[in-house]
Amino acid sequence: KAKKVIFQNIFDKKIFSNKNKKFIVIPGSGVDTKYFSKSNFPKKITFMMISRLVKFKGVESFLHLAKKITSKRKNIFFILVGKRQKDFSLNQNQINKFNKLKNIKIIPWVSNPKILFKKCSVYILPSKREGMSRSILEAMSSGKPIITSNVPGCKQAIKNNYNGYLVKYNDDLSINKATEKFIKNKNLIKKFGNNSRKRAIKYFDINIINRKIINIIN
């Protein structure tokens with residue numbers, strides 16, 4: 001009986017119907033690009049993920065990547081900002097064993113992620129599926145390049161080889177290759193980061209998204 005139904009990506013809309021005129025696609029909830037302003041990069045290359053500690057977010061992929069990279073490269077760092085939930089969270093012992101490894105930090109969830117992006121060179125989200133990832137949009141607005149899965153809710157946010165790289169979900173080789181590109185060419189971090197900021201302002205700024213929503217409900 002709804003007059004309009006808003007989906008955050010076209011793939012979810014197709015599941016229900018691609019022809020129903022009351023079904024509208026608006027790419028996410030938007031991001032406050034003034035609040036999430038462009039931040040500096042840390043001195044040492046640091047890959048970051050912010051997520052609930054559940055399997056489908058790709059947390060295990062991130063941690064295995066961190067272990068592999070840091071075992072060979074002592075000047076590369078990884079930070080996982082994790083939040084446990086009542087159901088489906090990974091085993092805490094499984095998480096703790098990575099936290100003991102050098103150059104890998106697992107820190108508690110914070111209510112204000114803005115301060116975290118100052119510690120981030122490249123943002124990674126190897127998720128299985130999203131509506132429209134808010135953390136990716138916040139990272140983009142903060143001027144960070146992105147590595148994310150080529151899946152609904154993630155792939156719409158980035159333009160491959162422009163502000164980041166799309167990788168296969170649950171594919172260690174694919175995500176490792178993307179990570180190595182940034183490590184071997186540090187100039188890409190700044191270049192793709194600038195492109196992320198431009199893309200966030202052009203397509204995902206909260207004022208743009210809010211206008212689209214208001215136009216629908218008026």
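Which residue of β8 stands opposite isoleucine 146? The legends below treat this and other details of a predicted model, in which local features need pLDDT of at least 70 and side-chain atom pairs count only at pLDDT 80 or more, while totals for chains, interfaces and linings use all residues. Residues are numbered from 1 along each chain as its sequence is written, and side-chain values use heavy atoms, with hydrogens and water left out.

**View 1. The pairing of strands β7 and β8.** Isoleucine 146 stands opposite glycine 164 in β8. Strand β7, residues 146-149, pairs with β8 in the parallel sense over four bridges; helices (H or I, at least four residues) and strands (E, at least two) are DSSP runs numbered from the N terminus, and two strands pair if DSSP finds at least two bridges between them.

View 2. Six strands, with parallel pairing, form an open sheet in the order β5-β4-β3-β6-β7-β8. Because β5 (104-108) and β8 (164-167) stand at the edges with a single partner strand each, one side of each is left without a neighbour in the sheet. Neighbouring strands of this sheet are turned against each other by 20 degrees on average, direction ignored. Helix α4, residues 134-141, packs on the sheet and touches β3 (46-52), β6 (122-125) and β7, its direction making about 170 degrees with that of β6. Contact means heavy atoms within 4.5 Å, and axes are lines fitted to C-alpha atoms, for helices over the stretch in contact, with angles running from 0 to 180 degrees between N-to-C directions.

View 3. Serine 196 lies in helix α6, residues 187-204, and is buried, with a relative accessible area of 0%; buried means under 20% relative accessible area, exposed over 50% and partly exposed in between (1.4 Å probe, protein chains only). Not counting residues up to four places away in sequence, serine 196 touches Met140, Lys144, Pro145, Ile146 and Asn163. The C-alpha atoms of serine 196 and isoleucine 158, which are 38 residues apart along the chain, are separated by 7.6 Å.

**View 4. Helix α5 and its start.** The 13 residues of helix α5 (residues 172-184) should span 18 Å at 1.5 Å a residue, and its end C-alpha atoms are 18 Å apart, which agrees; the expected span is 1.5 Å times one less than the number of residues. At the start of α5, a side-chain oxygen of aspartate 171 reaches to within 3.1 Å of the backbone nitrogen of leucine 173. Buried residues of α5 include Ser174, Ile175, Phe182 and Ile183.

Terms used. Polar contact = N/O pair within 3.5 Å; in protein donor to acceptor, adjacent residues only side chain to side chain.
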